[in-house]
Amino acid sequence: MKDVLQALHHRLNYYKELGIKHIPKVKKDIMKKNSAHETLEDIRTDIGDCTRCKLHAERTHIVFGEGNPKAKLMFIGEGPGHDEDITGRPFVGRAGQLLTKIIEAMKLKRSDVYIANIVKCRPQNNRAPEADEVAICEGFLHRQIAVIKPKVIVCLGSVAAQNLLKTEKKISALRGNWISLKETPVMPTYHPAFLLRNPNMKKAVWEDMKKVMEFFKKEDNKK
Ligand code: SF4
């Protein structure tokens, strides 16, 4: 109960900082099918040609997410950029290419993991998604997580980490530390776009990814 109240408190402060006076009403159908038998295809079908939040107005494609539907490792970013909006695929621009390199350095393939974002339509000019947009869209992501059941989630950047973990802490304070999302361990780290601007921070991300690799190694040793 205390955790729930703390999360609510963080969320209300977050809205307040953004100057939002009314909590957006989440349409019931976003949450309705969170059942044991749901598939990713069911969720995509529910999303349809979504107009539930204002981000729909200027998008080219909905970026649902892609990868292994039974992935042990899931990466979550903040939202599609220009290249993702054009292609309908997550992390395909320069930042995405760097993410692919990070995944491969972990001795995995992109097709081994699942990649998604907090919101599925591109915020114009690469602004961060607004709280009302996140509140409406994030239910779909939580349904995807419930279907995939990853063993570990890596959050890429402040926006993804703050929204997923319902915290106001900065990514510099969060990164490198395991945090639980319900039962799932989450490792926040810097966004690859940040690394393109600050290549000296690649080492920190690699340290975080080594912790993820170590987690899987321990899991394998238990078998
Ligand atoms: S961001 Fe999500 S809720 Fe908003 S229009 Fe796109 S799919 Fe719908």
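**Chat about a predicted model**

Trainee: How do the residues of the shell around the ligand divide into nonpolar, polar and charged?
Mentor: That shell has 9 nonpolar, 2 polar and 3 charged residues. Here Ala, Val, Leu, Ile, Met, Phe, Trp, Tyr, Cys and Pro count as nonpolar, Asp, Glu, Lys and Arg as charged, and the others, Gly among them, as polar. Do keep in mind that this is a predicted model, where local features need pLDDT of at least 70 and side-chain atom pairs count only at pLDDT 80 or more, while totals for chains, interfaces and linings use all residues. Residues are numbered from 1 along each chain as its sequence is written.

Trainee: Got it. Which of the 14 residues around the ligand come nearest?
Mentor: Cys-50, Cys-53, His-56, Cys-121 and Cys-137 do. A residue is near a molecule or strand if its C-beta atom, placed from the backbone, lies within 6 Å of it.

Trainee: And which helix gives the most to that shell?
Mentor: Helix α6, residues 131-148, with 3 residues. Helices (H or I, at least four residues) and strands (E, at least two) are DSSP runs, numbered from the N terminus.

Trainee: How many helices and strands does the protein chain have?
Mentor: The chain has 10 helices and 6 strands.

Trainee: Let's do the strands, then. In what order do they form the sheet?
Mentor: The 6 strands run β1-β3-β2-β4-β6-β5 in an open sheet with mixed pairing. Two strands pair if DSSP finds at least two bridges between them.

Trainee: Why is one side of β1 and of β5 left without a neighbour in the sheet?
Mentor: β1 (66-67) and β5 (179-181) stand at the edges with a single partner strand each, so one side of each has no neighbour there.

Trainee: What about β2 and β3?
Mentor: Those two are parallel, over 4 bridges. Tyr-114 turns up again here, as the bridge partner of Met-74.

Trainee: Where do the residues of β3 point, and are they buried or exposed?
Mentor: From β3 (residues 114-117), Tyr-114 and Ala-116 point one way, Ile-115 and Asn-117 point the other way, and all are buried. A residue is buried if 20 or more other C-beta atoms lie within 10 Å of its own, exposed if 12 or fewer, and partly exposed in between, with C-beta atoms placed from the backbone.

Trainee: Switching topic: which residues touch the most other members of the largest nonpolar core?
Mentor: Out of 46 residues in that core, they are Met-74, Phe-75, Ile-76, Ile-118, Val-154, Cys-155 and Ala-160. The largest share, 8 residues, comes from α6. A nonpolar core is a set of buried Ala, Val, Leu, Ile, Met, Phe, Trp, Tyr and Cys residues joined through C-beta atoms within 7 Å.

Trainee: What is Phe-75 in contact with?
Mentor: Leaving aside neighbours within four places in sequence, Phe-75 is in contact with Leu-99, Val-113, Ile-115, Val-154 and Leu-156. Two residues are in contact if their C-beta atoms, placed from the backbone, lie within 7 Å.

Trainee: Why is helix α7 described as largely enclosed?
Mentor: In α7 (residues 158-165), 7 of the 8 residues are buried, so the rest of the structure largely encloses this helix. The buried residues of α7 pack against β2, α6, β4, α8 (171-174), β5 and β6. Just after α7, Lys-166 takes a positive phi of about 50 degrees.

Trainee: One more helix! What does α10 lie across?
Mentor: Helix α10 (residues 202-222) lies across β2 (73-77), β4 (152-156) and β6, at about 165 degrees to β6. Axes are lines fitted to C-alpha atoms, for helices over the stretch in contact, and angles run from 0 to 180 degrees between N-to-C directions. Phe-215 belongs to α10 and, again leaving aside neighbours within four places in sequence, is in contact with Val-152 and Pro-185.

Trainee: How far apart are Phe-215 and Val-152?
Mentor: They are 63 residues apart in sequence and 8.6 Å apart in space, C-alpha to C-alpha. Phe-215 is partly exposed, because 17 other C-beta atoms lie within 10 Å.
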